[in-house]
Amino acid sequence: MDRPHSPSHPARLSPGTLAVSAGRPDRTPGAPVNEPVVLSSTFVSQGVPVAGEHLYGRSSTPTWEPFEQALATLERAGHAEAGLPTDGPPAVVLASGMAAIAAVLALVPVGGRVVVPRHAYQVTLVLLRELADRGSLTVELVDVADTDAVVAAVRGGQDVPAADLLWLESPTNPMLEVADVAALVAAAHEVGTRVAVDNTFATPLVQRPLALGADLVVHSVTKYLAGHSDVVLGAVVTDDPDLHARLVAHRTNHGAIAGPFEVWLALRGLRTLALRVERAQQNAAELARRLSAHPAVVEVRHPSLPDDPGHARASAQMDGYGSVLGVRPVGGTAGADALVAAVRLWVPATSLGGVESMLERRRRFATESLTVPEDLVRMSVGIEDVDDLWADLEVGLDAARTAADADAV
Ligand SMILES: *Cc1c(COP(=O)(O)O)cnc(C)c1O
């Protein structure tokens, strides 16, 4: 197949460099530097299909390959240090993060068992519940920060077989709990359980689950990888050629394919991932620190904070702490709603991982887990100037305090 070449010795380059250099076309004089977007539903055929040849846009299309190559290279950037092969099958890009998650859940045999964090992304839980209600599989919810409890759930018991799939999300959305990924993968593999990690919050620059032993990595590309709140897209990465082939077959046969234009935009976004993540993480850690000291704040959740329950684990496992944080202002739900309504620079919207800072009270969704506090505001910190973000938040926190005072009267 006419696959875009990765630079030689890609594993020796740092992840930030790979975000720029991986998945480039061959250096042919006069050729474009970036792979152009190809908008064609079908491809000229010379009779018997040749292996790797593009046939039809639902099976493969040239614009997917550079993105898939770049993402797979980034997710394997830690492989050389971990003593693993530095190349393998490329990623599988799909129509959305949920299409990617559905493709992975379709690998679970009918009647299989899935162990999942109780605070995983809410639609992941909705989909699992739907599959469980239909009798396709059974689901066990766990506190992903409690390693012993997760291991016990994965192993099963007397009449309960070992899980077929351990689903991990770390840090979790929106509670920001941190799982001990390497320990959980090791325990799962002892009993033959596959492990998938939703790496959306961390990005491959901050956490590389394949090097920690995971079988599959899932992304909502919509978030940090594309990074500009203009694309909905998902992807799965695996080192296992058999799982890769099954995911590709699922994409072709179920048809939840990515549009070439969206994938082209996502790769354009990916090129600046390192700069965006670095700035957003700096902003998030600084805002978490300032929020912790603010009198109108009841609780801040961010693994960068020394007293956060996930701090030690995140420090050992990740190259940073991510840029989503959770805050509970004074005034309960009314305080949280007042905060969201009062800010002018922060965008009140769902989603995360864009250049623009966004916030929302998560429990406004009926489907959000009931163990998420009603007044938790999830904040996706962007790349604006941190003092501008803080000044705007101070206005929001004043509004929360006013709401709390009104409540007390
Ligand atoms: C947004 C999100 C998803 C779903 O991705 P879509 O692209 O919206 O389908 C999955 N997991 C996490 C952690 C997310 O934040």
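## Strand β2 and Gly-112

Gly-112 lies in strand β2, which covers residues 112–117; strands (E, at least two residues) and helices (H or I, at least four) are DSSP runs, numbered from the N terminus. The model is a predicted one, in which local features need pLDDT of at least 70 and side-chain atom pairs count only at pLDDT 80 or more, while totals for chains, interfaces and linings use all residues. Residues are numbered from 1 along each chain as its sequence is written, and side-chain values use heavy atoms, with hydrogens and water left out.

Gly-112 counts as buried because its relative accessibility is 3%; buried means under 20% relative accessible area, exposed over 50%, and partly exposed in between, with a 1.4 Å probe and protein chains only. Leaving aside neighbours within four places in sequence, Gly-112 is in contact (heavy atoms within 4.5 Å) with Ser-136, Leu-137, Thr-138 and Asp-164. Ser-136 is 24 residues from Gly-112 along the chain, and their C-alpha atoms are separated by 7.4 Å.

## Domains

The chain is divided into domain 1, residues 10–270, and domain 2, residues 273–408; these bounds come from an automatic or database domain assignment. The centres of the two domains, taken over C-alpha atoms, are separated by 27 Å. Across the boundary, 40 residues of domain 1 are in contact with 37 residues of domain 2.

Gly-16 is found in helix α1, residues 15–21. At 25% relative accessibility, Gly-16 counts as partly exposed. With neighbours within four places in sequence left aside, Gly-16 is in contact with Leu-205 and Ala-274. Gly-16 and Arg-194 are 178 residues apart in sequence, and 29 Å lie between their C-alpha atoms.

Helix α2 has 12 residues and should span 16 Å at 1.5 Å a residue; its end C-alpha atoms are 17 Å apart, which agrees. The expected span of a helix is 1.5 Å times one less than its number of residues. α2 is mostly covered, with 12 of its 12 residues buried; among them are Trp-64, Phe-67, Leu-71 and Leu-74, together with the charged Glu-65, Glu-68 and Glu-75. Glu-68 of α2 counts as buried because its relative accessibility is 5%. Residues up to four places away in sequence not counted, Glu-68 touches Pro-90, Ala-91, Val-92, Val-93 and Arg-251.

The 20 residues of helix α10 (273–292) should span 28 Å at 1.5 Å a residue, and the end C-alpha atoms are 28 Å apart, in agreement. Buried residues of α10 include Leu-273, Arg-276, Val-277, Asn-283, Leu-287 and Leu-291. The helices that the buried residues of α10 pack against are α2 (64–75), α9 (260–270) and α13 (386–408), and the strands are β8 (297–301), β9 (324–329) and β12 (377–380).

## The largest pocket

The largest pocket has a volume of about 320 Å³. Of the 22 residues that line this pocket, Met-98, Tyr-121, Asn-173, Ser-220 and Lys-223 are the closest to its centre. On a 1 Å grid over the protein atoms alone, a pocket is an open set of points where a 1.4 Å probe fits, with protein on both sides within 12 Å along at least five of seven lines; lining residues have an atom within 4 Å of a point. Grid points are joined across faces, edges and corners, and the volume is the space filled by probe spheres set on the points.

Helix α4, residues 97–105, gives the most to the lining of the largest pocket, with three residues. The lining residues divide into eight nonpolar, nine polar and five charged. Ala, Val, Leu, Ile, Met, Phe, Trp, Tyr, Cys and Pro count as nonpolar, Asp, Glu, Lys and Arg as charged, and the others, Gly among them, as polar. Domain 1 and domain 2 each supply at least three residues to the lining of the largest pocket.

Most residues other than glycine have a negative phi, and most peptide bonds are trans. In this model the peptide bond from Ser-170 to Pro-171 is cis, with omega near -5°, and the bond from Asn-173 to Pro-174 is cis, with omega near 5°. Pro-171 is placed in the loop between β4 (165–169) and α7 (181–190), and Pro-174 is in the loop between β4 and α7.

Leu-176 is also in the loop between β4 and α7, and its phi is near 65°, a positive value in a residue other than glycine. Leu-176 counts as buried, at 3% relative accessibility. Ser-229, in the loop between β6 (216–220) and β7 (234–238), has a positive phi near 55°. At 38% relative accessibility, Ser-229 counts as partly exposed.
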